[in-house]
Amino acid sequence: MNNDVTWLTYFVLSVFVGIEVISKVSSTLHTPLMSGANAIHGIILLGAILVAGHADGFALAIALLAVVLATVNMVGGFVVTDRMLQMFTRKPRGKVKP
Amino acid sequence: MEAMPTWAELVFLLCAVGFILALKGLSGPRTARVGNLVGAGAAVVACVVPFFYADLDHVVPILLAVAVGTAIGAVGAQRVQMTQMPQMVALFNGVGGGAAALVALLELKDFAAVADLVSDVDAAYLVATGFTILVGAVSFSGSVVTFAKLQELMTSRPVVFPGLPVAFGGGFLAALVLAGLIVSEPVVWAGVVLALLGLALGVLLVLPVGGADVPIVISLLNAFTGLTVAAGGYVLQNTVLLVAGTLVGASGTFLTLLMAGAMGRSVSNILFGALKGGSTLGSGEASDRPVRSASPEDVAILLAYAEKVIVVPGYGLAVAQAQHTLRELVEVLGERGTEVDYAIHPVAGRMPGHMNVLLAEAQVPYEQLKEMDEINGEFRQTDVVLVVGANDVVNPAARTTPSAPIYGMPILDVDEARQVVFLKRSMRPGFAGIENELLFEPQTTLLFGDAKDSLGKLLAAVKGL
């Protein structure tokens, strides 16, 4: 199979999976889901690391900036989502976090 | 770039599965937190892998950059108030888009270097590179503008100026031309200009969007960033980037449509409605028409002797940090034998599901939170509806006034109840910037003041009865 067609296949299948897995989400969870999905695309950090590892000079500076931005997206995204979800999973009438 | 060893490909496959499970988990209340952690785990593992196979230079600076990013992200995420969640998500999304655009620019530089030697770079790579640069930049600047709107650093009302559609159309055409240039010959300056154009287009895209619709746009830009990352994955020939980005792009687009549906809006109407001049907006200023206002003691009596009360919480409640006082008031009323429920509009707060987060933070029992479809039939048998800091979601104009920007949005049928009490700070209209006729109806009473203050006085008055 042509290499580009392989990539197209990955893409199309991922589109269907992406829609299918969240199709039954209740409106209560829209905000955390958006936030969690937002964190997942922080995986661009992987791309930024790969590019930074082979760059020099000014390009390296740009690549490191990309690494910082991508890390903020990924780490911030997952932490903020966890903070939100933590509130949904409290034990009934249990101990209260400040 | 060197060939990837099989073990690394297999780990990336596992990470891709992890992201699918994460999204699946995030869409159910019981599994959401675990899902998020699975996603985080997969992301961390995927980012560690290249250190073991890719023979990276500059490992120390990279790790330092990661440390800086982690510190910023974690501190920001820990500090942010739950009420400011939407703009925080917007910001995180924007920096992700920016990172993707920068990565693609650097790849373009490498392609340009190669093209001088062999002039044999696959056109599909260049298309994907141009797409990543453009859409990543749009996502970055668009997110910054949504942040400014929600943080009220600028007006939350639609900003439209006469040449805007022309500027947007022209900019878009110029971007296509530049992208075509990049495909025919990879030159770095064209990429830089494309990025700048993307930044301008992002601003122009979000400016005309009204405040109430901004969350939908955040969701849309989130999907954009996902697709950007997917295209970046193709450019870098990395499967996990492609799959993760596509998952987010697809689910984000679907989620955007779901959210828009919950508000009774179409996405094109949200983005371009203000440009068509189709919506007539209120003045955004306080009205001086007569209303009936009452003291906390009067309202306390109304509440204490009602059999059935429904509370409609809105963003104003959260801004005043009055969730805890409200929960106390509801508990006291419950002890007196009044039946009290909370009616949660799907877009109460600033994003779909936002109010549930805010009330959960105040330890309101989950069973008392009733969704709109569940509770709308009950208003007819309700003695008093207490609207705390909400406005647009109970505005009958959504049913009656086709020219209103919220027309068609499903609302809580508060106007069917026997008595309606609004706790409001002032007569200023809600986020959509339109007047609420319900405020002037005979069954309506207003209690002016800061929500926390008013609820405190109500609580004391009910206890004293």
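A residue counts as buried if 20 or more other C-beta atoms lie within 10 Å of its own, as exposed if 12 or fewer do, and as partly exposed in between, with C-beta atoms placed from the backbone. By that count, 56% of the 98 residues of chain A are buried, and buried residues make up 54% of the 465 residues in chain B. This is a predicted model, in which local features need pLDDT of at least 70 and side-chain atom pairs count only at pLDDT 80 or more, while totals for chains, interfaces and linings use all residues. Residues are numbered from 1 along each chain as its sequence is written, and chains are lettered from A and ligands numbered from 1 in the order in which they are written.

**Confidence**

- For the complex, the predictor gives an ipTM of 0.90 and a pTM of 0.82.
- Chain B has a mean pLDDT (the predictor's confidence in each residue, from 0 to 100) of 87, and 94% of its residues reach 70 or more.
- Within chain B, helix H2 has the highest confidence, at 96, and helix H11 (residues 267-276) the lowest, at a mean of 76.
- Over residues 278-285 of chain B, pLDDT stays under 50; the model has 17 contacts beyond four places in sequence for this stretch.

**Chain composition**

- Helices (H or I, at least four residues) and strands (E, at least two) are DSSP runs, numbered from the N terminus.
- Chain A has four helices and zero strands, in the sequence pattern α-α-α-α.
- Chain B comes to 18 helices and six strands, and its C-alpha atoms fill a box of roughly 85 × 50 × 35 Å along the principal axes.
- Two residues are in contact if their C-beta atoms, placed from the backbone, lie within 7 Å.
- In chain A, 61% of the contacts with a separation of 6 or more are between residues 24 or more positions apart.
- In chain B, among contacts between residues at least 6 apart in sequence, 79% join residues at least 24 apart.

**Interface between chains A and B**

- On the chain B side, 89 residues are in contact with 74 residues of chain A.
- The elements of chain B that give two or more residues to this side are H1 (6-26), H2, H4 (59-79), H5 (85-118), H9 (214-235), H10 (239-262) and H15 (354-361).
- H10(B) supplies the largest share of that side, 18 residues.
- The side of chain B that touches chain A has 56 nonpolar, 27 polar and six charged residues; here Ala, Val, Leu, Ile, Met, Phe, Trp, Tyr, Cys and Pro count as nonpolar, Asp, Glu, Lys and Arg as charged, and the others, Gly among them, as polar.

**Helix packing across the interface**

- Two packed helices are described by the angle between their axes and the distance between the axes.
- Axes are lines fitted to C-alpha atoms, for helices over the stretch in contact, and angles run from 0 to 180 degrees between N-to-C directions.
- Helix H4 (residues 57-86) of chain A packs against helix H2 (residues 32-48) of chain B at an angle of about 165 degrees, with the axes 9 Å apart.
- H4(A) is therefore roughly antiparallel to H2(B); angles under 35 degrees count as roughly parallel, over 145 as roughly antiparallel, 65 to 115 as roughly perpendicular and the rest as oblique.
- The crossing of H4(A) and H2(B) is left-handed, a term used if the near helix is turned anticlockwise from the far one by less than a right angle, with right-handed used if clockwise.
- In this pair, A:Met74, A:Phe78, A:Thr81, A:Asp82, A:Leu85 and A:Gln86 meet B:Ala32, B:Arg33, B:Asn36, B:Gly39, B:Ala40 and B:Ala43.
- The residues of the H4(A)–H2(B) contact divide into six nonpolar, four polar and two charged.
- H4(A) and H4(B) cross at roughly 35 degrees, and their axes come within 7 Å.
- The H4(A)–H4(B) crossing is right-handed, and the residues of the contact comprise 16 nonpolar, seven polar and one charged.
- B:Ala65, in helix H4 of chain B, is buried, with 24 other C-beta atoms within 10 Å.
- Beyond neighbours within four places in sequence, B:Ala65 is in contact with A:Leu64, A:Val67 and A:Val68.

- Most residues other than glycine have a negative phi.
- B:Gln237, not a glycine, has a positive phi of about 55 degrees; B:Gln237 is found in the loop between H9 and H10 of chain B and is partly exposed, with 14 other C-beta atoms within 10 Å.
- B:Gln363, not a glycine, has a positive phi of about 60 degrees; B:Gln363 is in the loop between H15 and strand S3 (369-371) of chain B and counts as partly exposed, with 16 C-beta neighbours inside 10 Å.
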